[in-house]
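I opened the model and went through pockets, salt bridges and the surface in turn. These are my notes.

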Amino acid sequence: MTTQTTADKTVAAPAPNTPSGLIGIPANLGRALATGGSVLAVVSTFLAWTWTAAFPGDLTYYGYPGGLQVLVLVGGALATLFCLASYGVRGLGWLTPAGADAAVKYAVLGTFATAWYTVVSISVELGGVVNLEPGGYLVAAATLIALLGALALPFERPEPDPIDPEAGGWEQFRHDAAHTMAVLRAAFSSGSPRPVRTLPSYAEILIIVAVLAVALVVFTYGIGTEYDELFVGFLITAGFGFGALNRSGLIAHASQISARHQNITVCGAFVAAALFPFTQTDDQYATLGVYILIFATVALGLNIVVGLAGLLDLGYVAFLGVGAYAAALVSGSPSSPFGVHFPFWAAVLVGAIASLVFGVLIGAPTLRLRGDYLAIVTLGFGEIFRIAVNNTDGTSGPDITNGSNGIASIPDLNILGFDLGVAHDIGGFTIGRFANYFFLMLLITAVVVLVFRRSGDSRIGRAWVAIREDETAALAMGINGFRVKLIAFAVGATLAGLAGTVQAHVTYTVTPEQYLFAGTTPPNSAFLLAAVVLGGMGTIAGPLIGAALLFLIPNKLQFLGDYQLLAFGLALVLLMRFRPEGLIPNRRRQLEFHEEADAPTVLSKTGA
């Protein structure tokens with residue numbers, strides 16, 4: 001008797017690590033949808049999105065993108081390039097050294113967010129979707145299709161962590177939520193970029209010039225946004241665009257190339273910054289530029305204290321005030337009781353030395369404290385300074401600072417016969433008052449950057465880092481902790497006073513209310529500390545970029561009214577949650593917050 005058996009025809013389940021997308025669309029179809037949707041998004045910017053010019057930017061023209069259409073055009077073009085690179089198109093491989101899929105997702109998501117923000121704004125402000133023209137419907141459908149296609153691109157899904165079989169409902173929910181977040185992070189992550197090959201020096205320098213030119217264009221466009229909707233769209237496009245470039249590996253390659261030519265990169269950055277006033281037709285945005293430089297210079301000085309030495313200073317803005325008041329008292333102001341008018345170089349020395357003296361006087365008895373206790377003392381110093389200058393009005397105390405009225409009518413600077421308060425014609429360009437101070441502040445910022453670089457790479461800089469990492473171990477190795485911390489405190493105070501001398505002449509008036517611990521407008525101690533932490537402690541570019549963002553964003557978000565600080569604080573909380581090391585971290589701090597990262601091949605002396 002014969003027994004027949006049939007083979008089991010059950011299809012085997014896919015391997016757990018088989019790459020798949022977030023949504024159930026085949027990868028090839030998803031890639032085609034992402035590419036086609038991005039191309040259609042670019043095409044839609046040449047069509048009218050609304051019939052009336054009542055919406056800011058006048059999106060009624062055919063063949064001429066304007067306003068928010070330009071941002072969608074940039075995002076769609078970037079997404080299209082990454083999509084074509086993902087197909088292996090010849091000549092586009094250099095765009096994605098770390099892989100294309102994650103870059104495609106970021107670029108498509110940014111284009112979708114900007115386009116739908118525009119469509120929703122048109123519908124809300126003009127009274128419904130009936131106010132959309134064909135271009136508006138096309139961009140909404142195209143970006144949605146592109147987003148669905150991008151989310152279908154495959155990625156390696158992480159294995160879920162084991163869970164106790166007897167876990168309750170809350171533990172199960174937390175476990176599932178954590179796994180979902182891990183899957184989302186994996187979906188938008190990319191691999192390590194391949195090493196950038198060595199190019200001829202002139203080619204690498206040209207790449208650095210191109211990167212700086214793009215940065216100047218982006219900054220000029222952002223600071224010159226004329227209405228609220230355009231600035232919000234700019235933030236969306238710039239944020240997701242930077243994320244796409246970072247995931248593609250281009251940012252890493254640019255960093256490697258600039259690291260080979262550090263001096264050229266720094267000089268080029270200052271040259272690019274010096275070109276900013278020449279891109280403006282008036283002095284309106286040069287005003288923001290000079291205030292950003294003042295804020296950034298003070299933040300870079302605080303970075304020595306907090307970023308390198310690890311000393312939490314909550315009253316640092318007081319040193320800016322000491323320098324400003326000292327310079328104002330000797331600069332010929334009629335409100336000054338001294339009645340003297342020092343030249344600029346002497347006023348700068350007075351402001352810097354006054355801040356240095358106060359830094360030493362405050363630091364000497366307090367720097368033996370650590371952590372929270374030192375923070376409380378510095379916070380107290382900041383408040384004491386503000387109360388003291390408020391009370392030295394001739395009634396509550398000696399008549400020195402004119403009390404709450406401050407020192408007013410501070411004259412403009414005159415350096416070697418060059419009056420900074422008067423507009424000048426240079427090469428056919430009219431350089432106004434604030435542009436003159438912008439150039440002066442740029443020179444002072446260069447001095448501060450030089451001090452930071454030289455001190456960070458010196459023996460004292462290595463001692464600061466040692467104190468920051470483990471003060472007990474540093475003391476055991478023979479480092480004089482008190483002397484090292486006092487030097488950091490003194491240098492930081494001097495740099496803040498240096499910036500304060502220029503601030504006094506830019507604002508014409510110095511008052512106690514300008515130097516609070518926290519307020520709605522920078523500079524104040526809270527914003528300065530946030531700029532250092534947000535940008536990246538221990539680096540040069542980090543506090544400069546952090547200060548620029550923290551000054552520019554509140555200035556442009558004034559349309560939110562009473563909700564301005566709420567939105568701003570929420571953005572900071574989210575950033576610190578998902579990128580606690582800062583926007584431009586040094587390698588050591590990045591490893592502290594991301595233990596799964598690979599160990600660095602080389603660490604500089606300061607880890608920057």
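Before taking a volume, I noted what counts as a pocket: an open set of grid points with protein on both sides within 12 Å along at least five of seven lines. The model is a predicted one.

I looked up the second largest pocket and got a volume of about 310 Å³. Its lining has 16 residues, and V322, F358, F385, A388 and V389 lie nearest the centre. I then sorted the lining by element: helix 11 (317-329), helix 12 (344-366) and helix 13 (371-391) each give two or more residues. Helix 13 gives the most, with 6 residues.

**Salt bridges**

I searched the whole structure and found 5 salt bridges.

D101 and R31 have their closest N and O atoms 2.8 Å apart. I checked R31 for cover: its relative accessible area is 14%, under the 20% limit, so R31 counts as buried.

E204 and R260 form a salt bridge at 2.4 Å, N to O. E204 belongs to helix 6 and R260 to helix 8 (residues 250-260), so this pair ties together parts 56 residues apart in sequence. I noted that E204 is buried at 4% relative accessibility, whereas R260 is partly exposed at 36%.

D412 and R433 meet at 2.9 Å, N to O. D412 is in the loop between helix 13 and strand 1 (414-415), and R433 is in helix 14 (residues 433-456); the pair therefore ties together parts 21 residues apart in sequence. D412 is partly exposed, with a relative accessible area of 22%, and R433 is buried at 10%.

**Helix 6 again**

I also looked up I207, which lies in helix 6 (residues 201-223). I207 is partly exposed, at 32% relative accessible area. I took the C-alpha distance from I207 to I257 and got 8.2 Å, for residues 50 apart along the chain.

**Surface patch**

Last, I looked for nonpolar residues on the surface. W116, V120, V124, L144 and L148 form a patch there, with about 430 Å² of accessible area together. Helix 3 (101-126) and helix 4 (134-151) are the elements giving two or more residues to this patch, and the largest share, 3 residues, comes from helix 3. I checked W116, which lies in helix 3: W116 is partly exposed, at 32% relative accessibility.

How values were computed: Residues are numbered from 1 along each chain as its sequence is written. This is a predicted model: local features need pLDDT of at least 70, side-chain atom pairs count only at pLDDT 80 or more; totals for chains, interfaces and linings use all residues. Side-chain values use heavy atoms; hydrogens and water are left out. Patches are made of residues with over 30% relative accessible area and no salt bridge: like charges are joined within 9 Å, nonpolar side chains (Val, Leu, Ile, Met, Phe, Trp, Tyr) within 5 Å. Accessible areas come from the Shrake-Rupley method with a 1.4 Å probe; for residues, only the protein chains shown count as cover. A salt bridge is a side-chain nitrogen of Lys or Arg within 4 Å of a carboxyl oxygen of Asp or Glu. Helices (H or I, at least four residues) and strands (E, at least two) are DSSP runs, numbered from the N terminus. Buried means under 20% relative accessible area, exposed over 50%, partly exposed in between (1.4 Å probe, protein chains only). On a 1 Å grid over the protein atoms alone, a cavity is a set of points where a 1.4 Å probe fits but cannot get out, and a pocket is an open set with protein on both sides within 12 Å along at least five of seven lines; lining residues have an atom within 4 Å of a point. Grid points are joined across faces, edges and corners, and a volume is the space filled by probe spheres set on the points.
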